[in-house]
Amino acid sequence: MASKLSLNCMLLAILLIINLSSLQCDAQLSSNFYDSTCPTALTTIKSVIDAAVSSEARMAASLIRLHFHDCFVQGCDGSVLLEDTSTFTGERTARNNANSIRGFGVIDNAKSQLESICPGIVSCADIVAVAARDASVAVSGPSWTVNLGRRDSTTASLALANSDLPGFNDALGVIISKFSDKGLNQREMVALSGAHTIGRAACATFRDRIHNNASDIDPDFAATRRTNCPATGSPGNLAPLDLVTPDGFDNNYYSNLIAKRGLLASDQILFSNGSTDSIVVEYSGDSASFSSDFAAAMVKMGNISPLTGTQGEIRTLCTAVNS
């Protein structure tokens, strides 16, 4: 009996240590993480993002997407920023990244400025997270409090980028599963998809949809899109994801889906007699609900498996691990 009691006490002690370690790790992410070590960090990043979006409105969508593509592979650790070398393969050439994700120069600019102010303090992963929030605000989208304290990975995973990132032709069940694997529910998935209220997509990603004469696309919308995306060739031609307000963050994306005017198949599938239809309808009629849910979902996504404490490193250059 004494032996069993001792064993139970030992197990409880181990569980307590594990729980305390977990809480300690979570506690390292906080909105005031740089207040004493680099007090101008957030204003520095904001000035860079504001200038970039002012120069090119499309950049707002690119920076939000960059954060998404970072967090969905290994967690929010800046791995997406790493460039390939002769001995290292990054994530940039993954199926849903190649010739698609952008904004790296903007992040590098912010990092360079921060290194001159407070070297070795602000992680690239945190810059990406803050940049997404500032990009949203720059196009009249919602704001949110960014938890800070992420550290940068020294690895990347092309295989995980290929398997974990949602694709533009994925079925609804596949998309739901990929978000669920990251701890995000269907409502959060639909809210985050609303980032497609801004930005552009390349012809190659929606060519089949506008040329297949399917019942899930408005014929006039398809005809309009075909003028700049022929049946063959011109794969890089761009079209706005939202024809009505392409550079303004609003809830028109959801009205487009109801009207069968979603540009990507993975967008339209959210309103296709499936489990997410009611959420689309709600957001199309309630912009405040969408904005609030989008902000909350971005916070939750930004907390996916961060490296904290002594994990990883603070990269000097966002494109390469420290030597």
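This section describes a helix pair and the disulfides of a predicted model.

Helices α2 (residues 41–55) and α4 (residues 104–117) pack against each other at an angle of about 150°, and their axes lie 9 Å apart. The crossing of α2 past α4 is right-handed. On the α2 side, the contact is made by Ala41, Thr44, Ile45, Val48, Ile49 and Ala52, which meet Val106, Asn109, Ala110, Gln113, Leu114 and Ile117 of α4. Nine of the residues in this contact are nonpolar and three are polar, with no charged residue.

Four disulfides are present in the structure. Counted along the chain, the bonded cysteines pair in the pattern 1-4, 2-3, 5-8, 6-7. One of the disulfides links cysteine 38 and cysteine 118, with the sulfur atoms 1.9 Å apart; this link is left-handed, with -45° about the S-S bond. Cysteine 38 is located in the loop between α1 (2–27) and α2, and cysteine 118 in the loop between α4 and α5 (124–138), so the pair ties together parts that are 80 residues apart in sequence. Cysteine 38 and cysteine 118 are both buried.

Cysteine 71 is joined to cysteine 76 with an S to S distance of 2.0 Å. The torsion about this S-S bond is about 115°, and the disulfide is therefore right-handed. Cysteine 71 is buried at a relative accessible area of 1%, and cysteine 76 is likewise buried at 1%.

A further disulfide connects cysteine 124 and cysteine 318, whose sulfur atoms are 2.1 Å apart. Its torsion of about -95° about the S-S bond makes the disulfide left-handed. Because cysteine 124 lies in helix α5 and cysteine 318 in the segment after α14 (287–301), the pair ties together parts 194 residues apart in sequence. Both cysteine 124 and cysteine 318 are buried.

Terms used:
Residues numbered from 1 in each chain as written. Predicted model: local features only at pLDDT ≥ 70, side-chain atom pairs only at ≥ 80, totals over all residues. Heavy atoms only, no water. Axes fitted to C-alpha atoms, helices over the stretch in contact; angles between N-to-C directions. Helix = DSSP H or I, 4+ residues; strand = E, 2+ residues; numbered from the N terminus. Left-handed = near helix turned anticlockwise from the far one by under 90°. Contact = heavy atoms within 4.5 Å. Nonpolar A, V, L, I, M, F, W, Y, C, P; charged D, E, K, R; others polar. Disulfide = S-S within 2.5 Å. Buried < 20%, exposed > 50% of the residue type's maximum accessible area, 1.4 Å probe, protein only.
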